[in-house]
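Trainee: Hi! Could you walk me through the pockets in this one?
Mentor: Happy to, let's look together.
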Amino acid sequence: MMEVERTWDMPFKARSESLVLKTLRILSKRMKLTADEQRYYLNQEKGYEGEVQFDLLTEKLQHSCHILNDLQLESNKSSFQLDSSLIFQETYNLFEVKNFEGEYIYDTEYLKTLGGWDTQNPLDQLKRSKLLLSQLLQSLGSKLTVEAYVIFINPQFTLYQTPPDLPFILPTQLHRFMKKLDQKSSQLNQSHKNLADKLISLHQLEPPKIQLPTYKYETVKKGMTCSKCDSFSVTISGKKLICNKCGVEELITVAVMRNVEEFRILFPEFKITTNIIHEWCGVVDSRKRVSRILGKNLKINGLGQWAFYE
Ligand SMILES: [Zn+2]
């Protein structure tokens, strides 16, 4: 048996917020989203929260498997996304995680809420991902069998009239399901590790179609926000930024760099200059101070008024 250098309580690929979610978070405080955009944003936020909840369960698995969270892949020129996957000796288990809440009624095409709000049956997406993944694994020479499930992670979710043979794991079944996964006999070797590495190398940072509100520099709200409550009502006192709403204190250097990061996410095409960050941060009155902070944390390019930071 080959030793694999890795502790089993660590995910092979960790999850982080997508650029879409990060952008929406920043936009939601810096501009007025339409009702649709706001709903889309909150759905993204909720979906992410559900995936993180499921990660807490997979991380507890004691048995040999590689955990790959959030893979964006391509097969036969089609993009597909896997919320969570586990590589076992014989199987590749993929999970579509849904954080739906409340009472739904099962229907082959839609899941219907009692309030009349329909959402697409996640089975369609699951079948598509399963097919595309199987083809991709085959093309990589892997013989693993793909097992695919929809995980309904929210304990406040009920689905009436669910046929029992569907690959749906309802909240009441989740505990037993995870226990069964943990009892799977599995020995991993180098080929499993190679496959995990290969999939991570194929991971695309962003899905091809990004659905974002339209925004531009002139119209988004400028100013520094509190790191905890997102309030724009902040004051500088000495080396600190203090929130007038919740009282949280943060070093100005840290706060400026956090707001530079937001600026970068929203406007990746802009050059970072003292002038623009001075305007972006608002509350820091001295340009020199902004320039010093940027100089300490980023690499400067060019001189004088043409200088910008990377
Ligand atoms: Zn605050």
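Trainee: How do the residues of the lining of the second largest pocket divide into nonpolar, polar and charged?
Mentor: That lining has 9 nonpolar, 2 polar and 5 charged residues. Here Ala, Val, Leu, Ile, Met, Phe, Trp, Tyr, Cys and Pro count as nonpolar, Asp, Glu, Lys and Arg as charged, and the others, Gly among them, as polar. This is a predicted model, where local features need pLDDT of at least 70, side-chain atom pairs count only at pLDDT 80 or more, and totals for chains, interfaces and linings use all residues. Residues are numbered from 1 along each chain as its sequence is written, and side-chain values use heavy atoms, leaving out hydrogens and water.
Trainee: Which residues lie nearest the centre of the second largest pocket?
Mentor: Y149, I169, Q173, F177 and K180, out of 16 lining residues. A pocket is an open set of points on a 1 Å grid over the protein atoms alone, where a 1.4 Å probe fits, with protein on both sides within 12 Å along at least five of seven lines; lining residues have an atom within 4 Å of a point.
Trainee: Which element gives the most to that lining?
Mentor: α4 does, with 5 residues. Helices (H or I, at least four residues) and strands (E, at least two) are DSSP runs, numbered from the N terminus.
Trainee: Changing topic, is A14 buried or exposed?
Mentor: A14 counts as exposed because its relative accessibility is 51%, and exposed means over 50%, buried under 20%, partly exposed in between (1.4 Å probe, protein chains only).
Trainee: Where is A14 found?
Mentor: In the segment before α1 (19-30).
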